[in-house]
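Please look at the sequence and the three-dimensional structure shown below, and keep both at hand while reading. The paragraphs that follow walk through the structure one region at a time.

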Amino acid sequence: MLKTLISRLPMLVLLASLTTLAAPAAQAQVNPTASSVQEQELMRALQTGDFVAGRVSIPDERAGALIKPGNKGWAGIQGTTLRVISVAAVLVTLTILAAFYAYRGRIRIDSGFSGRVIERFDGIERFGHWLLACSFVVLALTGLNFVVGRWTLLPLVGEDTFGTLSAWFKLAHNFMAWPFMLGLVWVFVTWVGRNLPSKVDVNWLKVAGGLFTRGLHPPAGKFNAGQKLLFWMVILGGVGLSYTGVFMLFPWLAGSPAEWQTYQVIHALFAAFMSVVIFGHIYIGSLGMQGAFSAMGSGKVDLNWAKEHHSLWVEEEVGHGKGAAGKPGAAATPAE
Ligand code: HEM
């Protein structure tokens with residue numbers, strides 16, 4: 001017996017080694033569907049609002065919650081209601097602006113160009129404005145792609161290009177959030193002092209700034225009541241977008257998934273609100289009003305434009321012989 005065992009020992013060792021080596025290979029052959037949930041079950045859970053959770057290897061364990069009660073309601077708001085609100089808001093605003101242009105045309109400088117200019121915004125003010133403006137435009141366009149890209153861009157460029165573009169848009173949206181927040185703080189710090197309410201604002205608002213009446217120019221300081229409203233809407237809207245946006249970037253900070261979904265809906269509503277406000281602002285700062293754009297372009301505006309739209313500010317600057325940059329006598333200079 002012993003002799004037989006000894007003679008078969010090499011064979012037994014070989015067999016034992018082969019079994020050990022083969023073990024990991026056998027473990028790797030996992031049936032991928034054996035332990036997973038069937039699609040129909042997931043669909044049923046979605047219908048009834050059951051809780052379905054799996055396991056994830058990323059730090060945020062809550063991401064393993066695949067289907068949660070209440071998700072269906074959020075999916076409805078996110079997929080339909082928010083889309084309808086965003087698209088309607090943009091279309092209604094564009095229609096109103098087109099109607100206003102048809103009624104009023106371009107608001108001209110009634111007394112014509114004087115040939116003399118006055119500094120309206122210095123480099124620090126313009127840098128903050130364009131930092132905020134450029135980052136907002138990128139955020140708005142890339143954000144709009146999340147909402148309507150599938151129906152607008154996809155048919156134009158095809159699936160492959162749309163996929164690549166959307167991935168880049170997503171990155172741009174994530175990274176442009178930071179310059180936007182910096183621009184927001186910059187603009188707030190630079191202009192908050194000039195945007196506090198004052199008595200003249202009441203009269204300006206009563207006559208709607210003369211926007212609907214040719215030749216009517218109610219007195220205003222550096223910023224009129226309409227601009228002050230825009231300023232505060234931009235600040236509040238920007239803070240709302242930034243606060244909720246941080247939870248989009250770092251979902252685990254949001255608390256529960258339901259809270260994250262709430263922030264997502266608020267983010268989209270703020271985005272629609274800001275877009276509407278900014279459409280109006282871009283219109284009046286460019287096409288809608290003669291002589292306005294140069295305030296943010298070269299930083300200088302025609303003296304007659306300034307007298308018509310910001311008479312109290314001109315008195316402050318010229319009347320006291322003080323230029324916009326604080327230099328005596330530097331207020332109005334001949335246009336180049
Ligand atoms: C992209 C196109 C834009 C243009 C052509 C534009 C143009 C202008 C102009 C000309 C002014 C100065 C008006 C004056 O002299 O009184 C101004 C001011 C201002 N802009 Fe813009 N802007 C643009 C985008 C934006 C965006 C995206 C934001 C904010 C997200 C913004 C926020 C402001 C604020 C807060 C002011 C000061 C208040 C006011 O004048 O209404 N702008 N802009």
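**A walk through the chain**

The buried residues of helix α10 pack against β3 (116-119) and α9 (303-309), where contact means heavy atoms within 4.5 Å, and where buried means under 20% relative accessible area, exposed over 50%, and partly exposed in between, using a 1.4 Å probe and protein chains only. Helices (H or I, at least four residues) and strands (E, at least two) are DSSP runs, numbered from the N terminus. The model is a predicted one, in which local features need pLDDT of at least 70 and side-chain atom pairs count only at pLDDT 80 or more, while totals for chains, interfaces and linings use all residues. Residues are numbered from 1 along each chain as its sequence is written, and side-chain values use heavy atoms, with hydrogens and water left out.

Within α10, which spans residues 311-319, the buried residues are S311, W313, V314 and E317. They lie on the same side of α10, because the arc they cover around the axis is only 150 degrees, the arc being that of the directions from the helix axis to the C-beta atoms.

Taken as a whole, the protein chain holds ten helices and five strands, and of its 336 residues 32% count as buried. Among contacts between residues at least 6 apart in sequence, 73% join residues at least 24 apart.

Which residues of the protein hold the iron atom of the ligand? The protein donors are H129 and H281, each through NE2, lying 2.0 Å from the iron atom; donors are N, O and S atoms within 2.8 Å of the metal (3.2 Å for Na, K and Ca), and sites may look incomplete because water is not among the atoms. H129 belongs to helix α4 (residues 123-157) and H281 to helix α8 (residues 257-285), so that the pair links distant parts of the chain, 152 residues apart. H129 is buried, at a relative accessible area of 14%, whereas H281, at 30%, is partly exposed. The iron site is octahedral, with angles of 86 to 180 degrees among its six donor atoms; six donors count as octahedral if opposite donors are over 155 degrees apart and all others between 65 and 115. The ideal angles for six octahedral donors are 90 or 180 degrees.

A search of the whole structure for aromatic pairs finds 17. Rings of Phe, Tyr and Trp (its six-membered ring) pair if their centres lie within 6.5 Å, and planes under 30 degrees apart count as stacked, over 60 as edge-to-face and the rest as tilted. One of the pairs is that of F136 and F180, which is tilted, with 6.1 Å centre to centre and 40 degrees between the planes. Because F136 lies in helix α4 and F180 in helix α5, this pair ties together parts that are 44 residues apart in sequence. F136 is buried, with a relative accessible area of 10%, and F180 is buried too, at 4%. Another pair, Y243 and F247, is edge-to-face, at 5.2 Å centre to centre and 90 degrees between the planes. Both of these residues lie in helix α7 (residues 225-249), four residues apart, about one turn of the helix, yet Y243 is exposed, at 51%, while F247 is buried, at 9%. Elsewhere, F100, Y101, Y103, F212 and Y283 form one aromatic cluster.

Helix α5 (residues 159-191) also contains M176, which is partly exposed at 30% relative accessibility. The C-alpha atoms of M176 and F136 are separated by 8.0 Å, although the two residues are 40 residues apart along the chain. Not counting residues up to four places away in sequence, M176 touches S135, V138 and L139.

Finally, A208 is found in the loop between α6 (199-206) and α7, and has a positive phi of about 50 degrees although it is not a glycine; A208 counts as partly exposed, at 28% relative accessibility.

Definitions and conventions. Four donors count as tetrahedral if all angles lie between 85 and 135 degrees; four count as square planar and six as octahedral if opposite donors are over 155 degrees apart and all others between 65 and 115; anything else is irregular.
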